[in-house]
Amino acid sequence: MHLNKYTLCFLIAIAIFIIAPGASALEMSSKRDCVVCHIMWLDDFRTDKETLVDFQPGNVLMKDTQGVVSSEEICYSCHDGYIMDSRNITWNFNRHPTFVKPSKNITVPMDLPLSAKGEIYCGTCHSAHGKGASPHGNPLGRTSVFRDLNIDSSLCEKCHREEASFKFSNSHPVHTDALELPDALFESGGTKATEKNKVICQSCHKTHGAKGKKILIVDNSGSGLCVMCHKDQGLLIDTKHDLRVTLPDEKNINGQPLSESGPCGACHTPHRASGKKLWARPQKQGNPATQLCLTCHGDDTPYEIKRTGKYSHPINVDPLSKDRIPKDLPLFAANGTKDSNGKVQCFTCHNIHRWDPDTPSDRGGKNVEGDSSNSFLRVSNNYSSSLCLQCHTDKKQIVTSDHNLEITAPKEKNFQGVLPSVSGPCGVCHIPHNARAIHLWAKEPYGDKDFVTQLCTACHNENGAAKAKLLGKYFHAVDVPLDKFNISTTLPLYDSEGNVVPNGKVVCITCHDPHTWDPNNPIKDYPNTNIEGDARNSFLRRTNSPSSDLCMACHEDKAYVDGTDHDLNITNRDAKNMLGQTVEESGQCGACHLVHNSPNKIKLWAREFGAVPKDEDIVNALCNSCHSKGNPAEGKIPTIASHPEKRLVNNIMRSNRKLLDYAPIYDKQTGKEINVGNISCPTCHNAHQWNPVIKAKGSYKNLEGAATDSFLRNVSYNNICIDCHGLDALFRYKYYHDPEERVEPLPSRIKFSN
Amino acid sequence: MRLIYLYLTLIVSLTFLSIPVTSSALECINTKFLFDIKPGANQPSDLALSPNGDMYLVDGVNNRIIVMGKDGHWKFAFGTEGSGKGQFSIPVGIDISDSGKVFIADTGNHRIQVFDLKGKFLYMFTVKTGTKFKSDPVDVAVSKLQNYLYVSDNDNHKIRVYKQNGTLEFEWGKFGEEYGEFRYPGQMVLNEYNEIYIVDVLNTRVQKFNPFGEFATDIGAWGVLQGTLFRPKGVAIDNKARVFVSDSYMGVIQGFTDLGRFLGVVCDKDKKRVFKTPVGIIIDKDNRLMVVEMRANKITVLKILE
């Protein structure tokens, strides 16, 4: 038989293969202390006698494999109470999975061995010979015969790297001390870290003796573990946001039913969340903070619960202004975290973990409809609407005003049927979600006028809550564009949908701010009853007394009355208009004009008409209101104040207000401007401007006039008299009111027919 | 070429020689299975019998003692978790005096608690070490001689002897492998002469002492062959003065003479009977062997036939 060298090598290899286990066993140490665990090293297995346990050859000496030495039975044979007692810790309750392959999310490092099957076993973490082995443990992480040091769960983190990487978006933060960890956590089995309040894996997890699933230190099916630290968030339990109450069949993104996830786990998962806030539900695109809420409350969800509606408070917007950043309400950055420079989000107003801000023990319930005192609001919003007014600080005065319907109309409900006492002052007219119209309107609009007027007249109508405050028969025009009159203003103008636009129309809230009773002086001692206003308050945007600044914001050419003899602040402070208001109460303009409830259509006149001779122009009656006996200007009554009635005048060339020679002529009865008629007081006088060539306010002194001022509309050489009287007009003009100086016109110039 | 064949022959021969070849001469003490008792315990450790034959099982993980009738029917339980009177912290061992006092090694509380047979707390005393280390009492044994109560202090490797009222009388033992030394002494039992047998767990033996702690003999040796021990835990004596020792890892119970000669393995019809983590064992007057199987959470009751 011939054997070549290859055959020889093969035979030798076979022989070595066969002999190898025996040879290896022979080399094993038989020292007794080793065999305490390494039972298969016993010499008894290498005799011809029957052993009481079977020999298991196994790969007991090979690295990265599991042998009998690290079988559970060997561990238990000492840890059963008769050397160490680990029954309660290790073999009671739950423990880290063993004899399973690591999940795909786990990467086990090379220095932590797996079994021959690639499974985790006791020896993966434990070794009597490891760096972390120390019988009684010590603060440096040497405990329980660990294979490596376990300082602040560092051994855990060797495999669970993703969880340990402190990615707030997908894992509960570790190695942070943001919260104070309560004693209850450690009394329940949590492990203290080397630094106070530092969160580590073992703050919540126990590898052995865990009483909860996922080797949590306690059962967390009711979120008891979460709320140990997150006490405030625990107030969610049993509220509508406890999905066990409202959506009991829901599962989170990990497929956990509520019985397993607990109420916290329905929305948050400590590891591998879908996004920020450890979100455990599908993450929608867009503004992160709001999308969390909209995963349930969005219009495109199947839940159909508490959607926000077409008209809802804006979100993801900046605060109203830098000086109106709320003190008690958080703003949020784009990533959904609190940020004092952030934006308004759902969470700004809502604390979704607490049903009732004033009574945290009140959890509401499945069938309890919320109101402004609860509804997961951060601050109770009933009574004084203090939540709304955190941001809308400019609206604060509404609470102490007649527009607080809780005081003036306590039975007036909003369109949802909620009383002012429940809705709060703001909620009477505005609701943050599912509003009736823009401006978050909470009442049914009334009437058929412009949109804003409909809002106001929702109360200010014959049958409304404010039926005592109507406009009357004659009132200032609304729903009119100012450009028609060539007027510009700094007051807000509105389009047909109620938006402020530059070329909009005058509406109620052009002059009124319904939230502010007095633009200058907030009420300090509101009597809690309806109060009568005047030109200084009455929800006017600007004070209108003593100077009628509000009126003058549009009527600039009338503003020159200020400080003249026609400013009753200068000439007669005690004079009263038809409402019995002095000029202090009515303002300069209000002395002669009533914006609402004027009995007079002409110029909304605020005074009793003066007496005028029969067939004389009605507009003269306006002047005579004062310039007559017993009235404020009785010292300025012209002896003769009229042009011969039969001498009709044509002002067709002088009817343009914009031109210097403007000389209006009025219809006798209606007071409307016409082109052919009689000369009346305002034909020559502009009651609002003292000097025709100086467009300026008065001198704030009672002055004696002359032919160059005295509210004359024009200088003598350019007045309407010239049209008929020629140069003689200069003389006639000067002595118009002096019957002795009047002279007949030259016959050659004008021929009057009788 | 011849050398090669010679070499191969040598290798093959050595190979066969290296494979263990076992003989099958099992010595048996045959028993008959009577019944199992599953009282709802969690890893129970020890068992004692009252004068009327009731069983008192230490359900230490649940911090209670379960009391059953002779046939295993549930009677009552006593004890809760805690450190107050009548409360336990992972107790391990138990014994009952002829007068009906139930002595419990309340291990985690480092003390002995005494109850009457109805579970009413009577008194307790702390097992002190005199050192900075706390005691670790894992078993008690009641002696008729001078009202002695033997306490095995497991972590401190000592046997501490008290009067049954809690007065310390004497103690012996230290860590070591010599006679009279221990490596984790555990369960104990007394024979009719008040000699005490103490399971010396990590020394894989049972040591026998006279009532005053003087070494008499030892039973068992280190190994996995018949008559040797790997993790001895429980010890009991039958009416023939045979000493039975349970081995929790190997899952067997072996019988020895009181001088330590191996008699046999507890069998069932000449086949080794394997238990799941047998720990505390006891033999009653009817020669019934009761075995606490810790990880099976049950008591197995056998009749010793020989």
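In strand β9 of chain B, B:I104 is the bridge partner of B:I94. Strands here are DSSP runs of E with at least two residues, and helices are runs of H or I with at least four, numbered from the N terminus. β9 covers residues 102–106 and runs antiparallel to β8(B), with four bridges joining the two. Two strands count as paired if DSSP finds at least two bridges between them.

A word on the source. This is a predicted model, where local features need pLDDT of at least 70 and side-chain atom pairs count only at pLDDT 80 or more, while totals for chains, interfaces and linings use all residues. Residues are numbered from 1 along each chain as its sequence is written, and chains are lettered from A in the order in which they are written.

Back to the sheet. It is open, antiparallel, and ordered β8-β9-β10-β11 in chain B. β8 (93–96) and β11 (121–126) each have a single partner strand, so one side of each has no neighbour in the sheet.

Next, the core. A nonpolar core is a set of buried Ala, Val, Leu, Ile, Met, Phe, Trp, Tyr and Cys residues joined through C-beta atoms within 7 Å. Buried means 20 or more other C-beta atoms within 10 Å of the residue's own, with C-beta atoms placed from the backbone. The largest such core has 97 residues, and B:Y56, B:V140 and B:Y150 touch the most other members. Leaving out residues up to four places away in sequence, B:Y56 touches B:I94, B:I96 and B:V102, among others; touching means C-beta atoms, placed from the backbone, within 7 Å.

Last, chain A. Its secondary structure comes to 27 helices and six strands. Of its 754 residues, 37% count as buried.

Definitions and conventions
Buried ≥ 20, exposed ≤ 12 C-beta atoms within 10 Å, placed from the backbone. Contact = placed C-beta atoms within 7 Å.
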